[in-house]
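Please keep the sequence and the structure in view while reading.

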Amino acid sequence: MRTSIATVSLSGSLTEKLTAAARAGFDGVEIFENDLLASPLTPEEIRTRCADLGLGIDLYQPMRDMEAVPEEQFAHHLRRARHKFELMGRLGADTVLVCSSVHPLAVDDDALAAEQLGRLADLAQEFGVKVAYEALAWGRHVSTYDHAWQIVRAADHPALGTCLDSFHILSRGSEPKSLEAIADIPGEKIFFLQLADAPLLAMDVLQWSRHYRCFPGQGGFDVADLVRRVLHTGYDGPLSLEVFNDVYRQADAGPTAVDAHRSLLALQEAVGVAPLPGPVVPTGVAFAELVTPDAGPVTAVLGALGFARTARHRSKPVDLWQQGEARLLVNTGPAGRRDGTGLAAIGLESPDPAGAARRAESLLAPVLPRRRAAEDAPLDAVAAPDGTELFFCATGRPELPNWRADFADVTHEAGATGVRRIDHLALVQPWHQFDEAALFHRSVLGLQAQESVDVADPYGLMRSRAVTNPDGSVRIALSVGAAPTDDTVHAQHIAFATDDVVTAARRFRDAGGRVLPIPANYYDDLAARFEFADGELETYRELGILYDRDAYGEFRHCYTRTVGRVFFELVQRDGYRGYGAPNAPVRLAAQHGVTGG
(Lines give C-alpha, C1' and ligand atoms only; values in the text may rest on other atoms or scores of the structure.)
Protein backbone atom coordinates (compact mmCIF):
# COMPACT_ATOMS: atom_id res chain seq x y z
CA MET A 1 0.00 0.00 0.00
CA ARG A 2 0.96 3.63 -0.38
CA THR A 3 2.77 5.00 2.69
CA SER A 4 2.88 8.56 3.94
CA ILE A 5 4.13 10.54 6.92
CA ALA A 6 3.14 13.90 8.40
CA THR A 7 6.00 16.37 8.41
CA VAL A 8 5.22 17.12 12.06
CA SER A 9 6.50 13.63 12.88
CA LEU A 10 10.08 14.55 11.97
CA SER A 11 12.58 17.16 13.13
CA GLY A 12 14.34 19.84 11.13
CA SER A 13 13.37 22.18 8.33
CA LEU A 14 10.71 21.22 5.81
CA THR A 15 13.42 20.47 3.24
CA GLU A 16 15.19 18.13 5.68
CA LYS A 17 11.93 16.40 6.51
CA LEU A 18 11.03 15.82 2.87
CA THR A 19 14.48 14.46 2.09
CA ALA A 20 14.40 12.10 5.07
CA ALA A 21 10.94 10.81 4.15
CA ALA A 22 11.96 10.13 0.56
CA ARG A 23 15.19 8.38 1.51
CA ALA A 24 13.34 6.16 3.98
CA GLY A 25 11.02 4.97 1.19
CA PHE A 26 7.79 6.86 1.84
CA ASP A 27 5.50 7.54 -1.12
CA GLY A 28 4.01 10.76 0.19
CA VAL A 29 3.76 13.30 2.98
CA GLU A 30 1.21 15.28 4.90
CA ILE A 31 2.30 18.91 4.90
CA PHE A 32 1.76 20.36 8.36
CA GLU A 33 0.84 24.03 8.08
CA ASN A 34 3.49 25.27 10.53
CA ASP A 35 6.20 23.60 8.46
CA LEU A 36 5.04 25.39 5.33
CA LEU A 37 4.75 28.76 7.08
CA ALA A 38 8.32 28.50 8.38
CA SER A 39 9.78 27.42 5.03
CA PRO A 40 11.59 29.92 2.77
CA LEU A 41 10.38 27.92 -0.24
CA THR A 42 7.28 28.98 -2.14
CA PRO A 43 4.42 26.49 -2.43
CA GLU A 44 5.43 25.91 -6.06
CA GLU A 45 9.02 25.19 -5.02
CA ILE A 46 7.82 22.77 -2.34
CA ARG A 47 5.66 21.03 -4.94
CA THR A 48 8.65 20.73 -7.27
CA ARG A 49 10.92 19.51 -4.46
CA CYS A 50 8.42 16.78 -3.56
CA ALA A 51 8.10 15.74 -7.20
CA ASP A 52 11.89 15.58 -7.57
CA LEU A 53 12.03 13.34 -4.50
CA GLY A 54 9.24 11.10 -5.74
CA LEU A 55 6.85 12.22 -3.01
CA GLY A 56 3.19 13.04 -3.40
CA ILE A 57 1.51 15.58 -1.13
CA ASP A 58 -1.31 13.47 0.23
CA LEU A 59 -2.78 15.89 2.75
CA TYR A 60 -2.60 19.49 3.90
CA GLN A 61 -3.38 19.96 7.58
CA PRO A 62 -4.87 21.08 9.85
CA MET A 63 -7.89 23.36 9.42
CA ARG A 64 -9.44 23.97 12.84
CA ASP A 65 -12.68 25.16 14.45
CA MET A 66 -14.72 25.32 11.26
CA GLU A 67 -18.14 23.91 12.12
CA ALA A 68 -21.14 24.59 14.38
CA VAL A 69 -20.19 28.22 15.02
CA PRO A 70 -22.21 31.48 14.68
CA GLU A 71 -22.73 32.61 11.10
CA GLU A 72 -20.48 35.63 11.45
CA GLN A 73 -17.68 33.40 12.70
CA PHE A 74 -18.30 30.86 9.93
CA ALA A 75 -18.10 33.58 7.27
CA HIS A 76 -14.66 34.43 8.59
CA HIS A 77 -13.71 30.74 8.43
CA LEU A 78 -14.83 30.50 4.80
CA ARG A 79 -12.67 33.47 3.91
CA ARG A 80 -9.68 31.76 5.53
CA ALA A 81 -10.55 28.47 3.83
CA ARG A 82 -10.61 30.11 0.39
CA HIS A 83 -7.03 31.28 0.89
CA LYS A 84 -5.97 27.81 2.02
CA PHE A 85 -7.65 26.10 -0.94
CA GLU A 86 -5.83 28.45 -3.31
CA LEU A 87 -2.59 27.60 -1.51
CA MET A 88 -3.29 23.89 -1.86
CA GLY A 89 -3.68 24.34 -5.60
CA ARG A 90 -0.21 25.83 -5.70
CA LEU A 91 1.12 22.95 -3.61
CA GLY A 92 -0.63 20.28 -5.63
CA ALA A 93 -2.48 18.90 -2.60
CA ASP A 94 -6.09 17.81 -3.07
CA THR A 95 -7.18 16.80 0.46
CA VAL A 96 -7.41 18.97 3.58
CA LEU A 97 -7.83 17.78 7.15
CA VAL A 98 -10.54 19.52 9.19
CA CYS A 99 -10.46 18.77 12.92
CA SER A 100 -13.63 18.79 15.01
CA SER A 101 -14.09 22.13 16.69
CA VAL A 102 -12.78 23.13 20.11
CA HIS A 103 -13.87 26.75 19.57
CA PRO A 104 -15.53 28.28 22.66
CA LEU A 105 -18.40 29.57 20.49
CA ALA A 106 -19.11 26.17 18.93
CA VAL A 107 -22.54 24.77 19.77
CA ASP A 108 -23.78 21.22 20.17
CA ASP A 109 -25.84 21.13 16.98
CA ASP A 110 -25.15 18.30 14.53
CA ALA A 111 -27.50 19.76 11.93
CA LEU A 112 -25.63 23.06 11.96
CA ALA A 113 -22.28 21.26 11.85
CA ALA A 114 -23.41 19.23 8.82
CA GLU A 115 -24.79 22.31 7.06
CA GLN A 116 -21.60 24.34 7.55
CA LEU A 117 -19.30 21.47 6.60
CA GLY A 118 -21.41 21.02 3.46
CA ARG A 119 -20.90 24.69 2.57
CA LEU A 120 -17.17 24.30 3.24
CA ALA A 121 -17.16 21.29 0.91
CA ASP A 122 -18.98 23.38 -1.75
CA LEU A 123 -16.13 25.86 -1.66
CA ALA A 124 -13.48 23.12 -1.59
CA GLN A 125 -15.03 21.48 -4.63
CA GLU A 126 -14.57 24.69 -6.62
CA PHE A 127 -10.81 24.28 -6.09
CA GLY A 128 -10.71 20.51 -6.69
CA VAL A 129 -10.18 19.86 -2.97
CA LYS A 130 -11.71 17.18 -0.73
CA VAL A 131 -12.42 17.77 2.98
CA ALA A 132 -11.56 14.98 5.46
CA TYR A 133 -13.38 15.62 8.76
CA GLU A 134 -11.71 14.14 11.85
CA ALA A 135 -12.99 13.80 15.40
CA LEU A 136 -10.43 15.00 17.93
CA ALA A 137 -10.54 12.93 21.10
CA TRP A 138 -10.88 16.21 23.00
CA GLY A 139 -13.31 17.87 20.55
CA ARG A 140 -15.78 20.25 22.20
CA HIS A 141 -18.89 18.48 20.94
CA VAL A 142 -17.59 15.89 18.44
CA SER A 143 -14.98 13.59 19.97
CA THR A 144 -15.64 10.14 18.49
CA TYR A 145 -15.15 8.83 14.97
CA ASP A 146 -18.71 7.50 14.67
CA HIS A 147 -20.16 10.88 15.66
CA ALA A 148 -17.99 12.58 13.01
CA TRP A 149 -19.23 10.04 10.45
CA GLN A 150 -22.87 10.75 11.36
CA ILE A 151 -22.31 14.43 10.60
CA VAL A 152 -20.51 13.66 7.32
CA ARG A 153 -23.30 11.31 6.30
CA ALA A 154 -25.93 13.93 7.11
CA ALA A 155 -24.10 16.54 5.01
CA ASP A 156 -24.13 14.10 2.07
CA HIS A 157 -21.57 15.96 -0.03
CA PRO A 158 -19.22 14.29 -2.55
CA ALA A 159 -16.30 16.48 -1.46
CA LEU A 160 -16.77 15.72 2.24
CA GLY A 161 -15.57 12.51 3.89
CA THR A 162 -14.04 11.47 7.14
CA CYS A 163 -10.51 10.97 8.39
CA LEU A 164 -9.92 8.13 10.84
CA ASP A 165 -7.04 8.61 13.28
CA SER A 166 -5.91 5.62 15.32
CA PHE A 167 -4.83 7.73 18.30
CA HIS A 168 -8.10 9.64 18.57
CA ILE A 169 -10.02 6.37 18.30
CA LEU A 170 -7.94 4.04 20.47
CA SER A 171 -7.14 6.56 23.19
CA ARG A 172 -10.86 6.54 24.03
CA GLY A 173 -10.96 2.76 24.41
CA SER A 174 -9.64 -0.06 22.26
CA GLU A 175 -12.24 -2.74 22.99
CA PRO A 176 -13.31 -4.46 19.74
CA LYS A 177 -16.91 -3.34 20.29
CA SER A 178 -15.83 0.31 20.19
CA LEU A 179 -14.46 -0.27 16.66
CA GLU A 180 -17.46 -2.05 15.20
CA ALA A 181 -18.96 1.15 13.74
CA ILE A 182 -16.00 1.40 11.34
CA ALA A 183 -17.73 -1.28 9.26
CA ASP A 184 -20.67 1.11 8.72
CA ILE A 185 -18.51 3.65 6.88
CA PRO A 186 -18.18 3.08 3.11
CA GLY A 187 -14.54 2.87 2.13
CA GLU A 188 -14.92 5.64 -0.46
CA LYS A 189 -16.05 8.02 2.30
CA ILE A 190 -12.91 7.42 4.34
CA PHE A 191 -10.80 10.09 2.73
CA PHE A 192 -7.72 9.53 4.90
CA LEU A 193 -6.26 7.22 7.55
CA GLN A 194 -3.75 8.53 10.08
CA LEU A 195 -1.85 6.13 12.29
CA ALA A 196 -0.05 6.44 15.60
CA ASP A 197 0.57 4.19 18.56
CA ALA A 198 1.10 5.30 22.16
CA PRO A 199 2.17 3.88 25.50
CA LEU A 200 -0.77 3.19 27.80
CA LEU A 201 -0.79 6.18 30.14
CA ALA A 202 -3.33 7.60 32.59
CA MET A 203 -3.20 11.29 31.75
CA ASP A 204 -4.98 14.11 29.99
CA VAL A 205 -5.65 12.94 26.44
CA LEU A 206 -4.48 16.22 24.87
CA GLN A 207 -1.10 16.04 26.60
CA TRP A 208 -0.90 12.33 25.83
CA SER A 209 -1.49 13.07 22.16
CA ARG A 210 0.84 16.03 21.86
CA HIS A 211 3.88 14.48 23.54
CA TYR A 212 3.75 10.68 23.70
CA ARG A 213 2.57 9.25 20.40
CA CYS A 214 4.90 6.74 18.78
CA PHE A 215 5.05 4.63 15.65
CA PRO A 216 2.85 1.53 15.28
CA GLY A 217 4.26 -1.43 17.18
CA GLN A 218 6.05 0.73 19.75
CA GLY A 219 3.15 1.38 22.11
CA GLY A 220 0.21 -0.40 23.67
CA PHE A 221 -2.55 0.13 21.07
CA ASP A 222 -3.78 -2.61 18.74
CA VAL A 223 -3.23 -0.52 15.63
CA ALA A 224 -3.23 -3.61 13.40
CA ASP A 225 -6.80 -4.51 14.39
CA LEU A 226 -7.99 -1.01 13.53
CA VAL A 227 -6.22 -1.07 10.16
CA ARG A 228 -7.74 -4.45 9.29
CA ARG A 229 -11.20 -3.05 9.98
CA VAL A 230 -10.56 0.05 7.87
CA LEU A 231 -9.20 -1.97 4.94
CA HIS A 232 -12.24 -4.24 5.13
CA THR A 233 -14.43 -1.22 4.25
CA GLY A 234 -12.65 -0.95 0.91
CA TYR A 235 -10.41 1.97 1.88
CA ASP A 236 -7.56 2.16 -0.63
CA GLY A 237 -5.82 5.38 0.39
CA PRO A 238 -2.41 5.69 2.06
CA LEU A 239 -1.37 4.46 5.45
CA SER A 240 -0.08 7.69 6.93
CA LEU A 241 1.79 8.35 10.17
CA GLU A 242 0.94 11.38 12.29
CA VAL A 243 3.07 11.20 15.41
CA PHE A 244 3.59 14.01 17.90
CA ASN A 245 6.56 13.06 20.05
CA ASP A 246 9.03 15.26 21.93
CA VAL A 247 11.91 12.85 21.30
CA TYR A 248 11.33 12.54 17.55
CA ARG A 249 11.18 16.32 17.27
CA GLN A 250 14.75 16.53 18.55
CA ALA A 251 16.28 13.44 16.97
CA ASP A 252 17.89 13.34 13.53
CA ALA A 253 15.19 13.13 10.87
CA GLY A 254 16.93 10.45 8.80
CA PRO A 255 16.97 7.56 11.30
CA THR A 256 13.55 8.59 12.62
CA ALA A 257 12.08 8.36 9.11
CA VAL A 258 13.63 4.89 8.65
CA ASP A 259 12.18 3.79 11.99
CA ALA A 260 8.79 5.18 10.91
CA HIS A 261 8.78 3.39 7.58
CA ARG A 262 9.92 0.15 9.20
CA SER A 263 6.92 0.37 11.50
CA LEU A 264 4.58 0.62 8.50
CA LEU A 265 6.25 -2.31 6.75
CA ALA A 266 5.81 -4.45 9.86
CA LEU A 267 2.22 -3.24 10.21
CA GLN A 268 1.40 -4.15 6.61
CA GLU A 269 2.87 -7.58 7.20
CA ALA A 270 0.74 -7.95 10.34
CA VAL A 271 -2.50 -7.11 8.49
CA GLY A 272 -1.61 -9.31 5.52
CA VAL A 273 -1.28 -6.74 2.75
CA ALA A 274 2.50 -6.79 2.20
CA PRO A 275 4.23 -10.13 2.79
CA LEU A 276 7.88 -9.98 3.85
CA PRO A 277 10.50 -12.70 4.17
CA GLY A 278 9.49 -14.53 7.33
CA PRO A 279 11.22 -13.84 10.64
CA VAL A 280 14.12 -16.13 11.52
CA VAL A 281 14.21 -16.18 15.29
CA PRO A 282 17.72 -16.63 16.75
CA THR A 283 18.23 -19.75 18.84
CA GLY A 284 21.17 -18.68 20.98
CA VAL A 285 24.15 -16.40 21.41
CA ALA A 286 27.21 -17.54 19.49
CA PHE A 287 29.53 -14.85 20.85
CA ALA A 288 29.82 -11.30 22.11
CA GLU A 289 32.64 -9.16 20.71
CA LEU A 290 34.51 -6.60 22.80
CA VAL A 291 36.62 -3.94 21.12
CA THR A 292 39.39 -2.37 23.15
CA PRO A 293 42.59 -0.37 22.62
CA ASP A 294 44.22 -2.30 25.51
CA ALA A 295 43.23 -5.90 26.14
CA GLY A 296 45.02 -6.14 29.49
CA PRO A 297 42.33 -4.87 31.89
CA VAL A 298 39.42 -6.77 30.36
CA THR A 299 41.28 -10.03 29.89
CA ALA A 300 42.40 -9.86 33.53
CA VAL A 301 38.73 -9.76 34.54
CA LEU A 302 37.89 -12.58 32.13
CA GLY A 303 40.71 -14.68 33.51
CA ALA A 304 39.49 -14.15 37.05
CA LEU A 305 36.00 -15.17 35.91
CA GLY A 306 37.46 -18.48 34.73
CA PHE A 307 37.60 -17.77 30.99
CA ALA A 308 40.55 -19.03 29.00
CA ARG A 309 42.06 -17.72 25.79
CA THR A 310 41.30 -20.67 23.54
CA ALA A 311 41.91 -19.41 20.00
CA ARG A 312 43.30 -16.59 17.86
CA HIS A 313 41.86 -15.27 14.61
CA ARG A 314 43.99 -16.32 11.64
CA SER A 315 44.27 -12.82 10.13
CA LYS A 316 42.99 -10.27 12.68
CA PRO A 317 44.03 -9.19 16.19
CA VAL A 318 41.06 -10.98 17.75
CA ASP A 319 41.24 -13.55 20.54
CA LEU A 320 38.52 -16.01 21.53
CA TRP A 321 37.95 -16.37 25.27
CA GLN A 322 35.66 -19.20 26.27
CA GLN A 323 34.10 -21.00 29.19
CA GLY A 324 31.39 -23.57 28.61
CA GLU A 325 29.19 -22.23 25.82
CA ALA A 326 30.00 -18.61 26.71
CA ARG A 327 32.31 -17.12 24.06
CA LEU A 328 33.82 -13.65 24.00
CA LEU A 329 35.89 -12.16 21.21
CA VAL A 330 38.42 -9.57 22.33
CA ASN A 331 39.34 -7.33 19.40
CA THR A 332 42.35 -5.03 19.75
CA GLY A 333 42.21 -3.77 16.19
CA PRO A 334 42.38 -0.11 15.14
CA ALA A 335 38.61 0.28 15.58
CA GLY A 336 39.03 0.18 19.38
CA ARG A 337 37.48 3.06 21.32
CA ARG A 338 39.82 5.53 22.98
CA ASP A 339 37.64 5.55 26.09
CA GLY A 340 38.18 1.87 26.74
CA THR A 341 36.53 -1.46 26.20
CA GLY A 342 33.10 -1.54 24.57
CA LEU A 343 30.64 -4.16 23.38
CA ALA A 344 30.72 -3.88 19.59
CA ALA A 345 28.99 -6.96 18.20
CA ILE A 346 26.83 -9.95 19.05
CA GLY A 347 26.80 -13.22 17.18
CA LEU A 348 23.31 -14.72 17.08
CA GLU A 349 22.85 -18.40 16.35
CA SER A 350 20.42 -18.60 13.44
CA PRO A 351 18.65 -21.58 11.89
CA ASP A 352 18.88 -19.76 8.54
CA PRO A 353 21.50 -16.98 8.42
CA ALA A 354 20.73 -16.08 4.80
CA GLY A 355 17.00 -15.90 5.55
CA ALA A 356 17.68 -13.72 8.58
CA ALA A 357 19.66 -11.33 6.37
CA ARG A 358 16.84 -11.18 3.81
CA ARG A 359 14.37 -10.40 6.56
CA ALA A 360 16.59 -7.61 7.88
CA GLU A 361 17.04 -6.02 4.47
CA SER A 362 13.29 -6.09 3.79
CA LEU A 363 12.84 -4.08 7.00
CA LEU A 364 15.40 -1.41 6.08
CA ALA A 365 18.35 -2.95 7.94
CA PRO A 366 20.79 -3.65 5.12
CA VAL A 367 23.66 -6.09 5.52
CA LEU A 368 26.79 -4.18 6.54
CA PRO A 369 29.80 -4.15 4.22
CA ARG A 370 32.71 -6.07 5.74
CA ARG A 371 36.39 -6.24 5.01
CA ARG A 372 37.47 -9.86 5.21
CA ALA A 373 40.19 -12.11 3.91
CA ALA A 374 39.38 -14.59 1.16
CA GLU A 375 39.53 -17.50 3.60
CA ASP A 376 37.27 -15.87 6.24
CA ALA A 377 33.78 -17.27 6.74
CA PRO A 378 31.17 -15.13 4.93
CA LEU A 379 29.05 -13.84 7.82
CA ASP A 380 26.22 -11.35 7.33
CA ALA A 381 25.75 -8.60 9.90
CA VAL A 382 23.30 -5.75 10.34
CA ALA A 383 23.46 -2.74 12.63
CA ALA A 384 21.04 -2.34 15.53
CA PRO A 385 19.82 1.21 16.20
CA ASP A 386 22.55 1.76 18.81
CA GLY A 387 25.24 0.72 16.31
CA THR A 388 25.87 -2.76 17.74
CA GLU A 389 26.62 -5.17 14.91
CA LEU A 390 24.45 -8.30 14.89
CA PHE A 391 25.95 -11.32 13.09
CA PHE A 392 23.82 -14.22 11.89
CA CYS A 393 25.84 -17.33 12.75
CA ALA A 394 25.80 -21.10 12.40
CA THR A 395 28.32 -22.55 14.85
CA GLY A 396 29.56 -26.05 14.09
CA ARG A 397 27.03 -26.83 11.35
CA PRO A 398 28.99 -28.33 8.44
CA GLU A 399 26.44 -27.33 5.79
CA LEU A 400 26.87 -23.61 6.61
CA PRO A 401 29.83 -21.22 7.01
CA ASN A 402 31.28 -21.50 10.51
CA TRP A 403 32.81 -18.39 12.10
CA ARG A 404 34.76 -20.62 14.50
CA ALA A 405 36.80 -21.96 11.58
CA ASP A 406 38.43 -18.51 11.27
CA PHE A 407 40.21 -19.13 14.58
CA ALA A 408 43.25 -21.28 15.28
CA ASP A 409 43.28 -23.04 18.66
CA VAL A 410 45.97 -22.10 21.17
CA THR A 411 47.27 -23.98 24.17
CA HIS A 412 45.40 -23.03 27.33
CA GLU A 413 44.42 -24.10 30.80
CA ALA A 414 40.72 -24.39 31.56
CA GLY A 415 39.16 -22.08 34.11
CA ALA A 416 36.83 -23.23 36.86
CA THR A 417 34.06 -20.82 37.88
CA GLY A 418 31.22 -22.82 36.39
CA VAL A 419 29.98 -20.36 33.77
CA ARG A 420 27.76 -22.26 31.35
CA ARG A 421 26.65 -19.70 28.75
CA ILE A 422 25.67 -16.09 28.19
CA ASP A 423 22.44 -15.55 30.11
CA HIS A 424 21.67 -12.10 28.70
CA LEU A 425 23.19 -8.96 27.30
CA ALA A 426 22.23 -5.45 28.37
CA LEU A 427 22.57 -2.70 25.78
CA VAL A 428 22.27 0.98 26.62
CA GLN A 429 20.44 2.80 23.85
CA PRO A 430 20.83 6.38 22.69
CA TRP A 431 18.16 8.36 24.54
CA HIS A 432 16.20 9.06 21.35
CA GLN A 433 16.21 5.47 20.03
CA PHE A 434 14.73 3.40 22.85
CA ASP A 435 11.37 2.77 21.15
CA GLU A 436 13.08 2.23 17.81
CA ALA A 437 15.34 -0.42 19.35
CA ALA A 438 12.39 -2.39 20.73
CA LEU A 439 10.63 -2.34 17.35
CA PHE A 440 13.86 -3.29 15.54
CA HIS A 441 14.56 -6.32 17.70
CA ARG A 442 10.95 -7.45 17.54
CA SER A 443 10.33 -6.97 13.81
CA VAL A 444 13.76 -7.64 12.31
CA LEU A 445 14.92 -10.43 14.65
CA GLY A 446 11.54 -11.88 15.59
CA LEU A 447 12.15 -11.51 19.33
CA GLN A 448 9.32 -10.99 21.79
CA ALA A 449 9.22 -7.65 23.61
CA GLN A 450 8.38 -7.68 27.31
CA GLU A 451 6.82 -4.82 29.25
CA SER A 452 8.87 -1.69 29.76
CA VAL A 453 9.96 -1.02 33.35
CA ASP A 454 11.26 2.12 35.04
CA VAL A 455 14.29 1.88 37.30
CA ALA A 456 15.30 4.57 39.77
CA ASP A 457 18.77 5.97 39.16
CA PRO A 458 20.45 8.39 41.60
CA TYR A 459 20.30 11.07 38.91
CA GLY A 460 17.01 10.34 37.20
CA LEU A 461 14.88 7.52 35.90
CA MET A 462 16.10 4.74 33.65
CA ARG A 463 13.79 2.79 31.32
CA SER A 464 14.41 -0.83 30.43
CA ARG A 465 12.70 -3.34 28.17
CA ALA A 466 13.79 -6.90 27.47
CA VAL A 467 13.41 -8.80 24.22
CA THR A 468 13.71 -12.59 24.16
CA ASN A 469 13.22 -15.66 22.04
CA PRO A 470 10.58 -18.18 23.22
CA ASP A 471 12.88 -20.42 25.28
CA GLY A 472 14.98 -17.62 26.79
CA SER A 473 18.22 -18.74 25.16
CA VAL A 474 18.46 -15.21 23.71
CA ARG A 475 17.79 -12.39 26.14
CA ILE A 476 18.66 -8.77 25.41
CA ALA A 477 17.78 -6.03 27.89
CA LEU A 478 17.47 -2.64 26.21
CA SER A 479 17.76 0.42 28.42
CA VAL A 480 18.04 4.17 28.12
CA GLY A 481 19.96 6.31 30.56
CA ALA A 482 18.59 8.87 32.98
CA ALA A 483 19.47 11.83 30.75
CA PRO A 484 20.41 12.45 27.09
CA THR A 485 24.05 13.10 28.04
CA ASP A 486 24.38 10.23 30.50
CA ASP A 487 26.20 7.57 28.50
CA THR A 488 29.17 6.86 30.75
CA VAL A 489 27.95 5.16 33.92
CA HIS A 490 25.22 3.24 32.12
CA ALA A 491 27.68 0.88 30.51
CA GLN A 492 26.69 -2.20 28.57
CA HIS A 493 27.06 -5.51 30.30
CA ILE A 494 27.16 -9.25 29.71
CA ALA A 495 25.57 -11.66 32.17
CA PHE A 496 26.90 -15.20 32.49
CA ALA A 497 24.73 -18.09 33.66
CA THR A 498 26.06 -20.30 36.43
CA ASP A 499 24.52 -23.02 38.55
CA ASP A 500 26.22 -21.79 41.75
CA VAL A 501 26.79 -18.06 41.95
CA VAL A 502 28.29 -18.28 45.46
CA THR A 503 31.08 -20.56 44.31
CA ALA A 504 31.58 -18.54 41.12
CA ALA A 505 31.77 -15.24 43.02
CA ARG A 506 34.17 -16.62 45.61
CA ARG A 507 36.49 -18.05 42.95
CA PHE A 508 36.38 -14.75 41.08
CA ARG A 509 37.35 -12.86 44.22
CA ASP A 510 40.06 -15.35 45.16
CA ALA A 511 41.52 -15.02 41.63
CA GLY A 512 41.96 -11.28 42.17
CA GLY A 513 38.67 -10.08 40.71
CA ARG A 514 36.80 -7.20 42.33
CA VAL A 515 33.05 -7.41 42.72
CA LEU A 516 30.90 -4.32 42.87
CA PRO A 517 30.52 -3.38 46.56
CA ILE A 518 26.91 -3.39 47.78
CA PRO A 519 25.85 -1.24 50.76
CA ALA A 520 25.06 -2.95 54.07
CA ASN A 521 21.65 -1.25 54.08
CA TYR A 522 20.64 -3.41 51.13
CA TYR A 523 21.22 -6.60 53.10
CA ASP A 524 19.38 -5.25 56.11
CA ASP A 525 16.40 -4.71 53.82
CA LEU A 526 16.73 -8.23 52.36
CA ALA A 527 16.53 -9.63 55.89
CA ALA A 528 13.23 -7.82 56.34
CA ARG A 529 11.78 -8.91 53.00
CA PHE A 530 12.81 -12.57 52.81
CA GLU A 531 13.70 -15.47 55.06
CA PHE A 532 17.10 -17.11 54.51
CA ALA A 533 18.86 -20.18 55.83
CA ASP A 534 21.39 -19.67 58.60
CA GLY A 535 24.48 -17.93 57.26
CA GLU A 536 23.04 -17.46 53.74
CA LEU A 537 22.55 -13.71 53.95
CA GLU A 538 25.99 -13.24 55.52
CA THR A 539 27.51 -15.06 52.53
CA TYR A 540 25.68 -12.76 50.12
CA ARG A 541 26.90 -9.74 52.08
CA GLU A 542 30.49 -10.99 51.99
CA LEU A 543 30.49 -11.60 48.23
CA GLY A 544 28.30 -8.71 47.03
CA ILE A 545 25.55 -11.05 45.85
CA LEU A 546 22.07 -9.62 45.29
CA TYR A 547 18.85 -11.57 45.59
CA ASP A 548 15.31 -11.45 44.21
CA ARG A 549 12.33 -13.76 43.90
CA ASP A 550 9.31 -13.88 41.59
CA ALA A 551 6.38 -16.24 41.11
CA TYR A 552 8.60 -18.65 39.16
CA GLY A 553 11.72 -18.90 41.27
CA GLU A 554 14.78 -17.25 42.76
CA PHE A 555 17.55 -15.07 41.33
CA ARG A 556 21.04 -14.56 42.72
CA HIS A 557 23.53 -12.33 40.98
CA CYS A 558 26.61 -10.17 41.41
CA TYR A 559 28.57 -7.70 39.29
CA THR A 560 32.18 -6.99 38.45
CA ARG A 561 33.64 -3.50 38.45
CA THR A 562 33.30 -1.68 35.13
CA VAL A 563 36.13 -1.96 32.61
CA GLY A 564 35.95 0.87 30.08
CA ARG A 565 32.27 0.83 29.18
CA VAL A 566 31.53 -2.81 29.99
CA PHE A 567 30.94 -4.83 33.13
CA PHE A 568 30.02 -8.45 33.73
CA GLU A 569 27.39 -10.19 35.82
CA LEU A 570 27.22 -13.70 37.27
CA VAL A 571 23.65 -14.95 37.56
CA GLN A 572 22.02 -18.03 39.07
CA ARG A 573 18.52 -18.26 37.64
CA ASP A 574 16.43 -20.91 39.42
CA GLY A 575 13.21 -20.60 37.42
CA TYR A 576 13.23 -16.81 37.77
CA ARG A 577 12.11 -14.99 34.60
CA GLY A 578 13.20 -11.42 35.20
CA TYR A 579 16.51 -9.54 35.32
CA GLY A 580 16.69 -8.40 38.93
CA ALA A 581 14.99 -5.04 38.30
CA PRO A 582 14.27 -4.42 42.02
CA ASN A 583 18.03 -4.54 42.62
CA ALA A 584 18.94 -2.22 39.75
CA PRO A 585 18.75 1.03 41.78
CA VAL A 586 21.27 -0.37 44.26
CA ARG A 587 23.57 -1.49 41.46
CA LEU A 588 23.32 1.87 39.69
CA ALA A 589 24.04 3.79 42.88
CA ALA A 590 27.06 1.61 43.56
CA GLN A 591 28.36 2.20 40.03
CA HIS A 592 27.91 5.93 40.44
CA GLY A 593 29.94 5.70 43.64
CA VAL A 594 27.13 7.27 45.68
CA THR A 595 27.84 6.96 49.42
CA GLY A 596 25.49 9.46 50.97
CA GLY A 597 22.35 11.50 50.46
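A residue is called buried under 20% relative accessible area, exposed over 50% and partly exposed in between, with a 1.4 Å probe and protein chains only. The model is predicted, so local features need pLDDT of at least 70 and side-chain atom pairs count only at pLDDT 80 or more, while totals for chains, interfaces and linings use all residues. Residues are numbered from 1 along each chain as its sequence is written, and side-chain values use heavy atoms, leaving out hydrogens and water.

**Salt bridges**

- A salt bridge is a side-chain nitrogen of Lys or Arg within 4 Å of a carboxyl oxygen of Asp or Glu; the whole structure holds 32 of them.
- Helices (H or I, at least four residues) and strands (E, at least two) are DSSP runs, numbered from the N terminus.
- Arg529 and Asp525 form a salt bridge, with 3.6 Å from N to O.
- These two residues, Arg529 and Asp525, are four residues apart in helix α15 (residues 520–529), so about one helical turn separates them.
- Asp525 is partly exposed at 37% relative accessibility, and Arg529 is partly exposed at 38%.
- Arg573 pairs with Asp423 in a salt bridge whose closest N and O atoms are 2.7 Å apart.
- Because Arg573 lies in strand β25 (residues 566–574) and Asp423 in strand β17 (residues 419–429), this pair ties together parts 150 residues apart in sequence.
- Both Arg573 and Asp423 are buried.
- A network of salt bridges links Glu536, Arg549, Glu554, Arg556 and Asp574.

**Sheet**

- Two strands pair if DSSP finds at least two bridges between them.
- Strands β11 (residues 318–323) and β12 (residues 326–331) run antiparallel and are joined by six bridges.
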